[in-house]
Amino acid sequence: MDVSLTLIVIMAVLFACGVYAMLERSLTRVLIGFLLLGNATNLLLLIVMGVPGNAPFYDAEGSVSDPLPQALTLTAIVITFAVSAFLLALIYRSWQLGQADTVEDDEADIALRARTDADEDVMDDEGDTEDDEATTDFVGVQTAPITVLHMRDHSSIQDDAPTDLPSRPYTGTDSDARPESDSRDEGEDRT
C-alpha cells in the first residue's frame with residue numbers, strides 16, 4: 001500500500017485546525033472547524049481506501065477496490081452537509097436575536113466555574129447512599145400503576161380490535177377462556 005505522505009500531513013493539519021477552530025466561542029468559527037473536520041475525515045477514509053482497483057461489482061481479474069471506505073465517505077459527506085446546514089440555521093437565528101454569533105456565559109456556567117474543591121467533595125458525598133437497593137413508589141402495592149381498560153369496563157370505549165379466541169371451547173367454569181362472543185353483560189339473553 002503506497003500512501004502519499006502529503007495526504008497524511010494535510011489530513012493531520014486539517015484535523016488540528018478543525019479542533020482548534022471548534023474550541024472558539026464564535027459559532028461561525030465552530031462551523032468552519034466542523035467543515036475542516038469533515039474534510040479531514042474524508043481524507044482519512046481516502047487514505048484508508050488504499051490502492052485504487054477495479055470496481056467491486058465488476059467481475060474482473062486483478063485488484064478490487066474496497067467498497068466500505070467509499071460508502072463511509074459518502075456517509076461522512078452527507079452527515080457533514082446536514083450538520084453544517086443545522087449550524088448555519090443556528091448562526092442565522094443567533095444573529096437575528098442578538099446581532100452576534102458568539103455564545104455567552106450564562107448563570108450556570110459562571111456558577112460552575114466558581115465552585116471550589118470543597119464544593120466538589122460535598123457533591124461527591126451526596127451521591128453516596130447507604131443502601132444499594134433501588135427505591136420505587138410502588139413497593140408493597142398490590143395493584144399495578146397502569147390500568148388497562150377494556151370495553152366491558154366502560155361503555156364509552158369502543159374496542160373493535162380483533163382478538164385471538166382461546167383454543168379450547170368455553171365450558172362455563174373458566175372465566176379466562178371465555179370467547180369474545182360471550183362477553184356480553186349478564187342481563188342479556190343468550191340465544
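Confidence in this predicted model, expressed as pLDDT (the predictor's confidence in each residue, from 0 to 100), averages 75 over the chain, with 62% of the residues scoring at least 70. Where pLDDT is low, the predicted coordinates should not be read in detail. Because the model is predicted, local features need pLDDT of at least 70 and side-chain atom pairs count only at pLDDT 80 or more, while totals for chains, interfaces and linings use all residues. Residues are numbered from 1 along each chain as its sequence is written, and side-chain values use heavy atoms, with hydrogens and water left out.

Helix H1 includes Val-13, which is partly exposed at 46% relative accessibility (buried means under 20% relative accessible area, exposed over 50%, partly exposed in between; 1.4 Å probe, protein chains only).

Turning to helix H2 (residues 27–49), Ala-40 lies within this helix and is buried, with 0% relative accessibility. Beyond its neighbours within four places in sequence, Ala-40 is in contact (heavy atoms within 4.5 Å) with Met-11, Leu-14 and Phe-15. A C-alpha separation of 9.6 Å is found between Ala-40 and Ile-8, which are 32 residues apart along the chain.

Helix H2 also holds Asn-42, a residue that counts as buried because its relative accessibility is 17%. Residues up to four places away in sequence aside, Asn-42 touches Thr-73, Ala-76 and Ile-77.

Note on methods: Helix = DSSP H or I, 4+ residues; strand = E, 2+ residues; numbered from the N terminus.
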